[in-house]
Amino acid sequence: MSKVSIGLRGWRFDEDEVFTEDGDVRPFDEMREDTRRRLVRVGVLYGSPCDACWLIHGDENLEACNEATVVYGEALSEVTLCDEHEPDFMYWFREAGGIEHAETERFEDAFHEWFASGERAPDGYGGVEHVDTDPRALPETEMPDPDDEDLGTREVVERRIDLRTGEIEEAPDPRPDADGADADDADDEDDLDLDDLDLDADYPS
């Protein structure tokens, strides 16, 4: 069974979980819950700053941060990184005890503490050699709306995954305006139950 990345490297999705035999995207309600949840989380994380850059520059200087290109860990306790800082994360995970925090709620905090204390990978330390797949023949699908409270504090908007390019783009908001019109229609939208989140993690080896 082949794997595909969507939006960010790191998390890999079983192709058969996302696509039909004809190459069409499955409806979200036909996907396994963990697959659907990670796709929703990717929509939240896409375009966010690299965690390591953010630890260096802070909220007051976000324009100096590189955009994240890779994600590791469990959803809601994940680490997002740019290409420049991925080797630092890999060194922490492989050589500095980071693996002990795999699949725990401490994963993100433990890396942040290590990096913020001034620790870094040695010069020339290698990162991960990612295998890129060709997504050009893949179709588009619509992201479900994530639940703001359960998915964290990052700004959430409806996004469209373009699986031909692996990019996620903002889509026009089909919901009624803020005056509450068409509230009955809004109530009919499916909400994801993200309690007791238990995801399969793709950790580096």
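A salt bridge is defined here as a side-chain nitrogen of Lys or Arg within 4 Å of a carboxyl oxygen of Asp or Glu. By this criterion, a search of the whole structure finds ten salt bridges. The structure is a predicted model, in which local features need pLDDT of at least 70 and side-chain atom pairs count only at pLDDT 80 or more, whereas totals for chains, interfaces and linings use all residues. Residues are numbered from 1 along each chain as its sequence is written, and side-chain values use heavy atoms, with hydrogens and water left out.

The secondary structure comprises seven helices and seven strands, taken as DSSP runs numbered from the N terminus (helices, H or I, at least four residues; strands, E, at least two). From the N terminus on, the order of elements is β-β-α-α-α-β-β-α-α-β-α-β-β-α. Of the 205 residues in the protein, 40% are buried; buried denotes a relative accessible area under 20%, exposed over 50%, and partly exposed the range in between (1.4 Å probe, protein chains only). The accessible surface comes to about 11,500 Å², and carbon and sulfur atoms account for 40% of this area. Among contacts (heavy atoms within 4.5 Å) between residues at least 6 apart in sequence, 61% join residues at least 24 apart.

In soluble globular proteins, nonpolar side chains tend to be buried together. A nonpolar core is a set of buried Ala, Val, Leu, Ile, Met, Phe, Trp, Tyr and Cys residues joined through side-chain atoms within 4.5 Å. The largest such core contains 18 residues, of which Tyr72, Leu81, Phe89, Trp92, Phe107 and Phe111 touch the most other members. Two or more residues each are given to this core by helix 3, strand 3 (70-72), strand 4 (79-81), helix 4 (86-95) and helix 5 (107-116). Helix 5 provides the largest share, five residues. A second, separate core has 15 residues, including Leu8, Phe19, Val25 and Leu39.

Helix 2 is mostly covered, with twelve of its 13 residues buried; among them are Arg36, Arg37, Arg38 and Arg41. The helix reaches 18 Å from its first C-alpha to its last, close to the 18 Å expected at 1.5 Å a residue, where the expected span is 1.5 Å times one less than the number of residues. Just after helix 2, Gly47 adopts a positive phi of about 85°. Ser48 is placed in the loop between helix 2 (33-45) and helix 3 (51-57), and counts as buried at 6% relative accessibility. A polar atom of the Ser48 side chain lies 2.6 Å from the backbone oxygen of Leu45.

Individual salt bridges join separate parts of the chain. Arg9 pairs with Glu86, the closest N and O atoms being 3.7 Å apart. Because Arg9 lies in strand 2 (residues 8-14) and Glu86 in helix 4, this pair ties together parts that are 77 residues apart in sequence. Glu86 is buried, with a relative accessible area of 4%. The side chains of Arg41 and Glu78 meet in a salt bridge at 2.8 Å, N to O. Arg41 belongs to helix 2 and Glu78 to the loop between strand 3 and strand 4, so the pair ties together parts 37 residues apart in sequence. Both Arg41 and Glu78 are buried. Asp34 forms a salt bridge with Arg32 (3.6 Å, N to O); Asp34 is buried at 13% relative accessibility, whereas Arg32 is partly exposed at 38%. Asp34 and Arg32 also belong to a network of salt bridges that links them with Lys3, Asp14 and Glu17.

Key:
Polar contact = N/O pair within 3.5 Å; in protein donor to acceptor, adjacent residues only side chain to side chain. Areas by Shrake-Rupley, 256 points an atom, 1.4 Å probe, with all protein chains shown as cover.
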